[in-house]
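Work through these exercises with the sequence and the model open. Each task is followed by a stepwise solution.

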Number of protein chains: 2
Amino acid sequence: MREAYTDQLDSIFSDLVDISRRVGVAVQRATDALMTGDVELAEGVITDDSEIDLARERVEEAAFDLLSLQQPVAGDLRTVVAALRMVAELERMGDLSVHVAKVARLRVPDVAVPDEIRPTMARMAAVAADMVARVTDVIARRDVEAAIALGRDDEEMDQLRRTSFAELLSDDWNHGVEAAVDVALLGRYYERIADHAVSIANRVIFVVTGHKPSAS
Amino acid sequence: MREAYTDQLDSIFSDLVDISRRVGVAVQRATDALMTGDVELAEGVITDDSEIDLARERVEEAAFDLLSLQQPVAGDLRTVVAALRMVAELERMGDLSVHVAKVARLRVPDVAVPDEIRPTMARMAAVAADMVARVTDVIARRDVEAAIALGRDDEEMDQLRRTSFAELLSDDWNHGVEAAVDVALLGRYYERIADHAVSIANRVIFVVTGHKPSAS
């Protein structure tokens, strides 16, 4: 019984790692579509999101089966419930990548991000992609140290958001309202992707140590 | 045993109703702060959010106790897991109200929303507040018909988002970039509050009928 439980739980965590990798691909492709105005790439992110949704359903069913058949308690129970939450957050990160891809698609053949703000936006996208890559690793290795480090690095995203607002509200901004609104919303999407990565890392800390990180 | 289970589950749903009411108050107060530039009201929303967070923790603990001690299966298990998800969404709706309140606070003594766009923004806020009020009732009465109706009415929010973008991207817009960015982000926050209300309504449908709504 105990062994079946461990196998099933490992299988759920493998699926979470797989979904997190797919999210990483979605974030990267959405960003590429955004920066190049590549409509096919944007369409691909939007279409492929249904695979993430399906993978989420499979994890949910597996977690329910585990809860029903093995009836875990205490730490084991919390681990399964944490997995359910993690998969919900991963799916949401996929949705946010779709939002980025849709902004990209809307502006084709133009590019939504004006030149001056591209360095800041590219950095936000890179931080978000990096956090997804790292959280994939955190889930795969249930690595508490790496999870704690991830929470600390979230500050760069906050700083980048402030920088982007300063840029688009400065007197030098001459790209009008539409580009400013795009940049503000894109920044919000990347920030939320980063927030979810930190939240998932905190859930891994909780699963491994039994304690919630104080700064979460 | 069965009776204890039912009592505990009812207690969890009562707590969800209570949290949903608090969210309704937060949405309303954040909107009032936004429309009047009332800094104390905005501060109140931000401060009171910690009560929603604490109430969420209490529901989570109660749900874990129920899962550990009663070990529900099948429909009962899905109900408890649904409650965990609903409370996470309610907390998020509280956070989104805090975001609205923070935009209001940032612009004091000015008002973030220019006159021309106030009708659209006020309507978005009213739709969001109405959906929170209705979802509170849906949870309280586990009312499937009302839950289905809530999903249908989400379309007005989509339409309002399009209207607000048309307004702030029109040639008549002369309030500059900052107000446009505020309006775009505020619209996003209200839209997300409405999305969560629909999602919670769908979870109630699932809890009562055992089936996910096809349009979710």
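**Exercise 1. Which residue lies over the face of Phe13(A), and at what distance from the ring centre?**

Solution. Step 1: find the charged group. Arg142(A) lies over the face of Phe13(A), 4.0 Å from the ring centre. Step 2: apply the criterion. A charge sits over a ring if NZ of Lys or CZ of Arg is within 6 Å of the ring centre and within 35 degrees of the ring normal. Step 3: go to chain B. Lys212(B) lies over the face of Phe206(B), at 6.0 Å from the ring centre.

Before going on, note the ground rules. This is a predicted model, in which local features need pLDDT of at least 70 and side-chain atom pairs count only at pLDDT 80 or more, while totals for chains, interfaces and linings use all residues. Residues are numbered from 1 along each chain as its sequence is written, chains are lettered from A and ligands numbered from 1 in the order in which they are written, and side-chain values use heavy atoms, with hydrogens and water left out.

**Exercise 2. Is Thr31(A) buried or exposed? Locate its polar partner.**

Solution. Thr31(A) is in helix H1 (residues 2–36) of chain A; helices are DSSP runs of H or I, at least four residues, numbered from the N terminus. Step 2: check accessibility. Thr31(A) is buried because its relative accessible area is 8%, and buried means under 20%, exposed over 50%, partly exposed in between, with a 1.4 Å probe and protein chains only. Step 3: look for the partner. The side chains of Thr31(A) and Tyr190(A) make a polar contact of 2.7 Å. Such a contact is a pair of N or O atoms within 3.5 Å; within protein, one must be able to donate a hydrogen and the other to accept it, and residues adjacent in sequence count only if both atoms are side-chain atoms.

**Exercise 3. Which residues does a cis peptide bond join in chain A?**

Solution. Val108(A) and Pro109(A) are joined this way, with omega about 5 degrees. Pro109(A) sits in the loop between helix H3 (74–107) and helix H4 (118–141).

Methods
Helices (H or I, at least four residues) and strands (E, at least two) are DSSP runs, numbered from the N terminus.
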